[in-house]
Amino acid sequence: GDRCPPGAAPAPARRTQRAAAAAAPLTCGGRRPRRRQGRGLRAAPEPRAGVEAGAGWEEGREGRERRAGAERAERAGPGRGGGGGGGAGAARAAPCRAAPGTAPPPPGSGGSRRVPRHERRAGGVQQLRGGGGGGGRGEPGRRRAGTPWGQVGAVWGWWRQERAAFLLLFLLFLVLTPLRSRSAGRPRLPAPAGLLGDPEPEEAVSDDSSRHGGRVRGFPHERGNWATHVYLPYIAQEEFLELLELLVSRARTYVPSLAAMEEFHLSLSQCVVLRYHWIEPFVRSLRERLAAFHRFFCVADQVKVYTNQNKTRTFIGLEVSAGHFQLLELVSEVDGVLEEFDLPTFYKDPSFHISLAWCVGDLSGRLEGQCLRELQDIVDGFEDSAFLLRIQWEQIRCKSGNKYFSFPLSTPDG
């Protein structure tokens, strides 16, 4: 072709399948422009006037601009037109095939050939990115990654790709933070519905002895340990409270710190410690063992002075004088349940009694003797005391922490 550089020879013609295609004129590079039409081949149309034969595929204004760029690059010589990804003209004008024995034309020398469409696209993308060997001055495209602005652009591109994940994490943080702060101040979950009695699951804890009249715990409190006691409750009548007032007023002449009891009961067990998850099976076992017992009577008419095991408190009580047999049978069943849980049983030779008053410390020496005789005289001389102190027990109760469980005693007829 007339656009091949000096010293370059056109490439040899390829063999075609048809003889008609062999007679077609050659273009730059020795290739015949062919156009498929069905299964046959036909020669390219003749170039229009004013258009070079070797550039028949370029038409109009775009073709002229490309040729002008190639000529400018050829006149400029090596080093100005740019390398593989340089200016627009060099990107479009590739060197032709060199003749044997001659060196290939230098990069950017202005040789032209028909550039396939995918190469033209790749060259355009490379120009936009500013890559390639020489790059020409002032080419369009983004700033290079090595410059500070290029680094900013790289960071911005990364942020655009990852911003969805960051926004999702930020929204999760906004949602979970208030929920965590609310849960920190929420009360604990309620006790399981299977537990009877007070639904409050936590035992109220207060080791301040001044709030309990100076009483001291028999064992230290630990979270999850529930003080448990089995007893027969006694509902005091008005006449019984009158007798109590007489007894306490006389006993205070010997021990002024004596205080009357507010609730009355007859103990069937010591105060033992139960783990919280033991409460339900403990109560169930008690209910099974005590289901066969009936209501019964006992008489509590003997005044007696008692102290606890640690000698930290002193009591005045009414000892049971009749009804020991039924009480011992109840204690035997309660002891059986305590043994199932490896807990201490009741005393070997128990003195069943109803406590009337108490004071802090071991003051039994002051209350025994003359004081005790005077108190017994008051009980014996009280009107209808024999009927008043004959007590019928109708239920057994278990107290564990702040929970109360009741076991009614059936009537003999039922």
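Visitor: In this predicted model, which residue stands opposite P408 in β12?

Guide: The residue opposite P408 of β12 is Q395. This pair belongs to two strands, β11 (residues 395–400) and β12, which run antiparallel and are joined over six bridges.

Visitor: How many residues lie between β11 and β12 in their hairpin?

Guide: Two residues separate the strands of this hairpin.

Visitor: Which residues of β12 are on its covered face, and which on its uncovered face?

Guide: In β12 (residues 403–408), K403, F405 and F407 form the covered face. Y404, S406 and P408 form the uncovered one.

Visitor: Let us turn to a helix. What span should helix α6 have?

Guide: Helix α6 covers residues 238–251, and its 14 residues, at 1.5 Å a residue, should span 20 Å. The C-alpha atoms at its ends are 20 Å apart, in agreement with that expectation.

Visitor: Where do the buried residues of α6 lie as one looks down its axis?

Guide: The buried residues of α6 are F240, L243, L244, L247, V248 and A251. Because they fall within an arc of 130 degrees when seen down the axis, they line one face of the helix. The face turned away from that buried side carries exposed E238 and E245.

Visitor: Where do nonpolar side chains tend to be in soluble globular proteins?

Guide: They tend to be buried together. Here, the largest nonpolar core has 61 residues. Those with the most contacts inside this core are L232, L268, F282, L286, W393 and I396.

Visitor: What does F282 touch, beyond residues up to four places away in sequence?

Guide: F282 touches T228, V230, L274, V337, L338, F341, L343 and C398.

Notes:
Residues are numbered from 1 along each chain as its sequence is written. This is a predicted model: local features need pLDDT of at least 70, side-chain atom pairs count only at pLDDT 80 or more; totals for chains, interfaces and linings use all residues. Side-chain values use heavy atoms; hydrogens and water are left out. A nonpolar core is a set of buried Ala, Val, Leu, Ile, Met, Phe, Trp, Tyr and Cys residues joined through side-chain atoms within 4.5 Å. Buried means under 20% relative accessible area, exposed over 50%, partly exposed in between (1.4 Å probe, protein chains only). Contact means heavy atoms within 4.5 Å. Helices (H or I, at least four residues) and strands (E, at least two) are DSSP runs, numbered from the N terminus. The expected span of a helix is 1.5 Å times one less than its number of residues. The arc is that of the directions from the helix axis to the C-beta atoms. Two strands pair if DSSP finds at least two bridges between them.
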